[in-house]
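Have the structure open as you read.

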Amino acid sequence: MSLVTVIGTRPNFMKMAPIIESIADAHISNIIVHTGQHYDDKMSKVFFDDLQMPDPDIFLGVGSGSHAETTSKIMVEFEKICIKNKPRLVLVAGDVNSTLACALATAKLNIPIAHIESGLRSYDNSMPEEINRILTDRISDLLFTTEASGTMNLLREGLDKEKIYFVGNCMIDSLKKFLPAALKLNLCIKYDLLEYEYCLITLHRPSNVDNIKNLEKLTEMLNTLSKKIKVVFPIHPRTKNTLKNSNLKLDSDIILLEPLPYIEFLGLMNKAKVVVTDSGGIQEETTYLGVQCITVRDNTERPITVDIGTNHLVGSTPSKVLTTLENILNGDIKRGKIPLKWDGKTSGRIVNIIQEFLSKD
Ligand code: UD1
């Protein structure tokens, strides 16, 4: 067996789908392993349908838990798969617990690792993702970067430049492929919205939503915001749980939705006036689409979206979010550019490099 490809959470699916397709096109044998970190249909199965991904060959079904629980359960199960199948290379993507867990189990078996979306750094170790990124990069053999900052960070950390490949952003491969389908859904009619006259919200970062005080501030902010523009909020299970266990109430004007399938979310994002988010990937997708994005975080590991894209990094102080939104509504927008190699061809570049790697091995 040549490859094992790991997926486990919602943001992994759109990154890995085009790579899995390119691997199949190149006739390279590949076992797809789903860790089960995300398991609800709305967080997992719908993405397989939307992205036309083959079902995973192996489902570990680890489910939710503390960081140590999830990471260790995945490691134990993934080690068995590597021992049984002896892959020549394991592919992991992004920065979630599944990424680090599988990378760690793989490295201890002296099997090479390819890390997709390597080198991104927020320089904020209070984010679990930052720890996952640093450690995964440190033990990977092929480091695929999406933007120049990723390459610079890896070089600064002393990683071997021979291992680093600036290939662009494979999530944009999925976006380009499925945007036409998203446009056909006529979502503004479905949700009774006017094109470019609504604000799409996503909030799920533990620093924003796990702490009731912070969530209270953000809830008030959303309620104020909804008086200025129509608000659509597909809510992540983590945020939903905290809200349910609190007395906080969102205004009835806000359109509250379950987590959306990939294509539907893409369609809503594309026609939004502005997106307010604390997600990583959405900062990139809005930059590609040229949609204004207000990022409710103090830092970003994706600086290119601020430097040349449409991302406004404002922190989590509600007044700053509201002022930025007002400025955008008054026409003070960022006219972004699409970053280099975000061209829909990244997965092909990655698979070419993998083929070369396998031929030398
Ligand atoms: C994880 C990633 C985060 C990513 C996010 C995207 C880590 C450390 N974090 O955060 O980087 O941005 O996914 O969604 O890996 N839950 C469900 N159903 C599911 C999955 C989760 O109800 O299918 C609930 C559970 O209560 C769970 C909670 O959400 O405890 C958090 O899930 P978890 O995977 O730990 O972290 P996310 O917040 O989803």
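By class, the residues in the shell around the ligand are six nonpolar, eight polar and four charged. Here Ala, Val, Leu, Ile, Met, Phe, Trp, Tyr, Cys and Pro count as nonpolar, Asp, Glu, Lys and Arg as charged, and the others, Gly among them, as polar.

Before going on, a word on the source: this is a predicted model, where local features need pLDDT of at least 70, side-chain atom pairs count only at pLDDT 80 or more, and totals for chains, interfaces and linings use all residues. Residues are numbered from 1 along each chain as its sequence is written, and side-chain values use heavy atoms, with hydrogens and water left out.

So who's around the ligand? The shell holds 18 residues, and the closest are Gln-37, His-38, Asp-40, Glu-129 and Arg-238 (a residue is near if one of its heavy atoms lies within 4 Å).

| Residue | Part of the residue | Distance to a ligand oxygen |
|---|---|---|
| Tyr-39 | backbone N or O atom | 2.9 Å |
| His-204 | side-chain N or O atom | 2.8 Å |
| Arg-238 | polar side-chain atom | 2.6 Å |

On its own, the ligand has 740 Å² of accessible area, and the protein covers 86% of that (Shrake-Rupley method, 1.4 Å probe). Helix 5 (128–138) and helix 11 (237–244) are the elements that give two or more residues to the shell, with helix 11 giving the largest share, three residues. Helices are DSSP runs (H or I, at least four residues), numbered from the N terminus.

Where does the ligand sit? It's in the largest pocket (more than half of its atoms lie within 2 Å of the pocket's grid points). A pocket is an open set of points on a 1 Å grid over the protein atoms alone, with protein on both sides within 12 Å along at least five of seven lines; a cavity is a set where a 1.4 Å probe fits but cannot get out, and lining residues have an atom within 4 Å of a point.

The largest pocket has a volume of about 1200 Å³. It is lined by 50 residues, and Pro-11, His-38, Met-43, His-204 and His-236 are the closest to its centre.

Methods
Polar contact = N/O pair within 3.5 Å; in protein donor to acceptor, adjacent residues only side chain to side chain. Points joined across faces, edges and corners; volume = space filled by probe spheres on them.
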